[in-house]
Structure formats: structure tokens, C-alpha cells
Amino acid sequence: MFQRVSEAAISKAIVWEFSRWFQDYLVSDVIVVGGGPSGLMAAKDLAEAGFKTLIVESNNYIGGGFWIGGYLMNTLTFRAPGEKILEELKIPYKEVEEGLFVADGPNACAKLISATCDAGVKILNMTKFDDVVYRNKRVEGVVVNWTPVSALPRQITCVDPISLEAKIVIDATGHEASVCKSLEKRNILKLADFGPMDVNTSEDLVVEHTGQIHPGLIVTGMAVSTAYGIARMGPTFGGMLLSGKKAASEAMKLITSEITKETSRIKEEVAL
Ligand code: 48H
């Protein structure tokens with residue numbers, strides 16, 4: 001029934017295809033660290049707009065906290081206007097009271113991941129953010145290693161990481177805010193910690209504060225709460241999706257304005 005191929009041909013297909021696209025993405029327009037709802041949303045919008053976008057995710061699976069809602073119950077909640085994004089992603093939902101919606105976690109997460117992949121985003125899973133590439137007082141990439149390396153016994157962990165470059169890095173690592181923390185460690189940024197639960201203030205503030213936190217670095221999703229000391233919102237996800245959308249549009253603005261500046265610089269140089 002199946003085509004006869006050699007075992008080596010299968011190995012060659014994997015190595016050839018992976019190294020082909022990986023080499024291409026050693027330099028991207030945007031690197032999104034963390035593949036939860038905010039990171040996926042940001043990456044999807046960026047790739048749809050034609051930006052070369054790579055997600056770095058430490059887990060084997062992407063989706064973060066979007067597979068499961070609260071208390072290990074896989075029903076997700078969204079407050080209006082979050083349902084507009086569910087419609088955009090063709091995720092079925094129900095209104096349970098005015099402006100409060102529920103959706104099935106596995107279906108919602110699978111649809112968001114599928115839309116992200118269809119948009120052309122490349123994904124490095126089992127890859128852990130370790131540090132930033134920092135030049136000219138701005139973030140210009142990430143230093144990564146395979147996740148299992150961090151689980152190796154200390155005496156055999158002398159495995160150096162590698163670097164990936166980008167015009168913009170987005171910290172979408174959730175509560176950890178790992179990229180922001182790597183700058184805090186060097187006294188480049190001062191972070192707060194997320195505040196206690198208050199859903200009615202938190203989601204608006206998260207979206208409001210989503211944006212560039214340091215040259216070259218945008219923060220989105222729950223990492224925004226950690227960075228700015230905003231109240232947590234519990235298992236409700238409209239804020240994460242809208243924050244991801246805003247992160248994408250901020251990244252596009254920054255990249256476009258850099259291109260405009262560079263073009264005028266070249267024009268001036270040619271005119272001289
Ligand atoms: C690579 C990493 C690293 C690393 C982490 O937690 P997430 O789902 O993040 P958000 O911000 O998109 O969504 C938050 C939401 O799920 C949530 O927890 C809410 C709303 N909580 C409210 C509350 O009150 O608690 O996803 C983050 C992703 C995960 O997939 C991690 O594995 C990944 O980032 N990640 N990837 N390198 N160092 N650290």
C-alpha cells in the first residue's frame with residue numbers, strides 16, 4: 001500500500017527540511033518568545049501582514065494556558081469584545097450572560113494554532129529562551145538552547161546556546177516575563193509583579209500597557225501584568241488575544257518607521 005523508501009531517506013528528509021527553514025529564520029523580522037494565546041495571536045497577525053515571524057517555545061506543545069481554563073476545567077471564558085476575535089478565528093462560542101462568553105479550550109486552542117501556522121509563522125518548540133542579544137542599547141535577538149539541556153545534570157550542561165536575530169522581540173512568556181527579567185537582571189529594566197485578582201480592571205490595563213518596554217522589546221499578555229504590576233484576571237482570555245493583536249500592530253509600526261528612517265538616510269547619502 002505505501003511507497004517503499006529507505007529509513008535513511010526519512011532521516012534525510014527531516015534533516016534537510018528542518019535545516020533549510022531554520023537557516024532562513026536565523027534572522028527574522030520578529031521573534032515571539034512564548035506560544036500562549038497572546039504570542040500566537042501576535043505572531044499570526046504579523047505573518048498575515050507579511051512579516052517573517054518565528055515563535056520560540058520551551059514546551060513540546062504550543063498554546064500555553066489556552067488549552068485549559070481555570071481549575072483544570074477546559075472551558076475558556078471571554079468578556080466582550082473578545083468574542084469578535086473568536087468570530088475571526090471561527091471558534092464556536094456561547095453567551096452565558098450579557099457580554100460573557102464561553103468556548104471549548106481544545107477547539108479554541110487548536111483553531112488559534114492552526115490559523116498561526118496557516119499564516120506562515122515558523123515554530124521552534126522545545127527551545128528555551130535563555131538571554132537577549134543586546135547591541136546599541138536595544139534588544140536585537142534572543143539566545144536559545146534546547147529545553148532538555150536545562151534538565152541535564154550540572155556536570156554535563158556545558159552546552160553553549162546559539163543566537164537568533166530579529167528587528168523586534170516580543171516577550172509573550174506569561175507570568176514569567178522571562179525576556180523582561182533577563183534585562184532586569186542587568187539593571188536595564190525595573191519590573192513589578194502581577195497584582196491580585198481584579199478582572200474588571202486588569203484586562204483593559206493589560207491591553208493599554210502592551211507595547212515597547214525597551215528599544216527592540218515589546219511585552220504582551222500576562223507578561224504585561226508582571227512587568228507593570230497589573231492585577232491578574234484569572235481564566236479569562238479576551239485580554240490576552242487583544243493584547244497579542246496590539247503587540248503585532250506595535251511591532252509593525254516600529255519596523256515600518258525604521259524602514260522609513262533608513263530609506264531617507266540612504267536617499268540623503270545618495271543626494272550628497
Ligand atoms: C520559551 C517560554 C519560556 C522561555 C515561558 O502562560 P501563557 O499562556 O501566556 P499568555 O500571556 O499568552 O497567556 C496567559 C494565560 O494563559 C494566563 O495564564 C492567564 C490569563 N492568567 C491569569 C491569571 O490570573 O493567572 O503562555 C506562555 C508560553 C508558554 O507556552 C510557556 O511554555 C512559554 O511561554 N515560555 N518559552 N522560553 N524561557 N518561558
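Predicted model: local features only at pLDDT ≥ 70, side-chain atom pairs only at ≥ 80, totals over all residues.

**The ligand site**

Mentor: The ligand sits in the largest pocket, so that's where to point your view. Around the ligand there are 27 residues, and those that come nearest are Ser38, Glu57, Gly65, His175 and Arg232. By class, that shell is made up of 15 polar, 9 nonpolar and 3 charged residues.

Now for the secondary structure. The chain has 9 helices and 11 strands. Among these, α2 (37-48) and β7 (127-135) each put at least two residues into the shell around the ligand. β7 gives the most, with 3 residues.

Next, zoom in on the polar atoms. With Arg232, the side chain is what matters here: one of its N or O atoms is 2.7 Å from an oxygen atom of the ligand. For Met222, look at the backbone instead, where an N or O atom lies 2.8 Å from a ligand oxygen. Ser58 also uses its backbone, with a polar atom there 3.1 Å from a nitrogen atom of the ligand.

Finally, zoom back out to the whole chain. Its C-alpha atoms fill a box of roughly 65 × 55 × 45 Å along the principal axes.

Key. Residues numbered from 1 in each chain as written. Heavy atoms only, no water. Near = heavy atom within 4 Å. Polar contact = N/O pair within 3.5 Å; in protein donor to acceptor, adjacent residues only side chain to side chain. 1 Å grid on protein atoms, 1.4 Å probe; cavity = no way out; pocket = protein on both sides within 12 Å on 5 of 7 lines; lining within 4 Å. Sits in = over half its atoms within 2 Å of the grid points. Helix = DSSP H or I, 4+ residues; strand = E, 2+ residues; numbered from the N terminus. Nonpolar A, V, L, I, M, F, W, Y, C, P; charged D, E, K, R; others polar.
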